[in-house]
Amino acid sequence: MNADVTRPVRPIRVLICDDTRTIRMLIRTLLTRDPRIEVVGEATDPFEARDLIKSLQPDVLTLDVEMPRMNGLVFLENIMRLRPMPVAMVSTRTAEQSDAAVRALSLRALDCIDLRRLQRGDPRVANIADTVVMAASAKIHKRVDPVRHGQAALAGQEFRWNGRYVFIGSSTGGVDALLQVFAAYPENCPPTVVAQHMPAHFLESFAQRLDTHCAASVRLAQSGDILKQGQILLAPGGDHHTRIRGRETPSITSVTDDGSALFVPSVEVLFKSAVSLGDKAVGVMLTGMGRDGAREMLAMREAGAHTIAQSPETVVVDGMPKAARECGAVIDVCDIDTIGARILAVTSDSSQR
């Protein structure tokens, strides 16, 4: 069961890792204003952080990218391999270089906070205390190696698309989850559209990373795109949501955000538009906070769609999948390492509906 994000039993223990003293002071000041949080230590480099993690047993680590003796992303990879724990990146690098941010998120960092906007007190930047509290409630698992490209290619020799289209919603923890799901996809995968909660300037790099790591083709969706076999389209976000138009030949259309949605891109908007496809649709809900898209997934199921949710045992945050399960929207509950195969099963000619 996840910890109560708003009322923890004890203060959340945080370790700060940054080589600059003034930055450590800034992060400490912002965090200690919140009674839910206790800063238990500070480290100037990953080697010192490693020792403090062992001795202090913090709940959450804040981590810079560029540091002496070891790069923060290398250290993050080591942490997730040896001692998985919640990590929030606080750096200028993840703002300037979106590929660094996507790399951190794919290594299962829970968020990337723009240090420069934090220093300016920019109200648009995520509240670092809320980010830490969210991180403390997350479950970071030992990673299961995804299906390799060779296995995906082998699956492709047997995969015959049955005309069903796949729609996926994901949020916190979704970068790694999507990498695992799409590692199972063959080159001739079912047409797939994804709404991943992520800033627009990160989504381009994320699409490129997915394209590099997957057998299928991956890119950002554009208005007018026709959903085609062998292609994965990511909703580009920014100030537009992505919707589906048409039943016989579904295509992408964009709608301007009117401010009513909590997230851009919105899973709710995508799933709502997929209801009209009826049994030609497959809805998939992956890890994430909140309830975005749960009711619309139920509407998809009631219209005849097959629906799948990530299991509570393998999610990072069981918000969106739990909301979908509780409202009766879900047919299959699957571990993350089996979702890709399950999608292929229900979108192939041999599937049982």
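The mean positions of the 41 positive and 42 negative charges of the protein lie 2 Å apart, where Lys and Arg count as positive, Asp and Glu as negative, and His and the chain ends are not counted. Each charge is placed at NZ of Lys, CZ of Arg, CG of Asp or CD of Glu. The model is predicted, so that local features need pLDDT of at least 70 and side-chain atom pairs count only at pLDDT 80 or more, while totals for chains, interfaces and linings use all residues. Residues are numbered from 1 along each chain as its sequence is written, and side-chain values use heavy atoms, with hydrogens and water left out.

Turning to the overall fold, the protein has 14 helices and 14 strands; these are DSSP runs numbered from the N terminus, with helices being H or I of at least four residues and strands E of at least two. For 353 residues, a compact globule would have a radius of gyration near 20 Å, and the 20 Å of the protein agrees with this. That radius is taken over C-alpha atoms, and the globule rule is 2.2 Å times the number of residues to the power 0.38. Along the principal axes, the C-alpha atoms fill a box of roughly 60 × 45 × 35 Å.

Of the 353 residues, 54% are buried, meaning under 20% relative accessible area, with exposed over 50% and partly exposed in between (1.4 Å probe, protein chains only). Among contacts (heavy atoms within 4.5 Å) with a separation of 6 or more, 73% join residues 24 or more positions apart.

Buried positions in helix 10 are Phe202, Leu203, Ser205, Phe206, Ala207 and Leu210.

Two individual residues complete the picture. Val132 sits in helix 7 (residues 128–137) and counts as buried because its relative accessibility is 1%. Setting aside residues up to four places away in sequence, Val132 touches Ile12, Val14, Leu31, Ile37, Val60 and Thr62. The C-alpha atoms of Val132 and Asp292, which are 160 residues apart along the chain, are separated by 21 Å.

Ser171, by comparison, belongs to the loop between strand 6 (165–170) and helix 9 (174–183). With a relative accessible area of 8%, Ser171 is buried. Beyond its neighbours within four places in sequence, Ser171 is in contact with Gln196, His197, Thr287, Gly288, Met289 and Met320.
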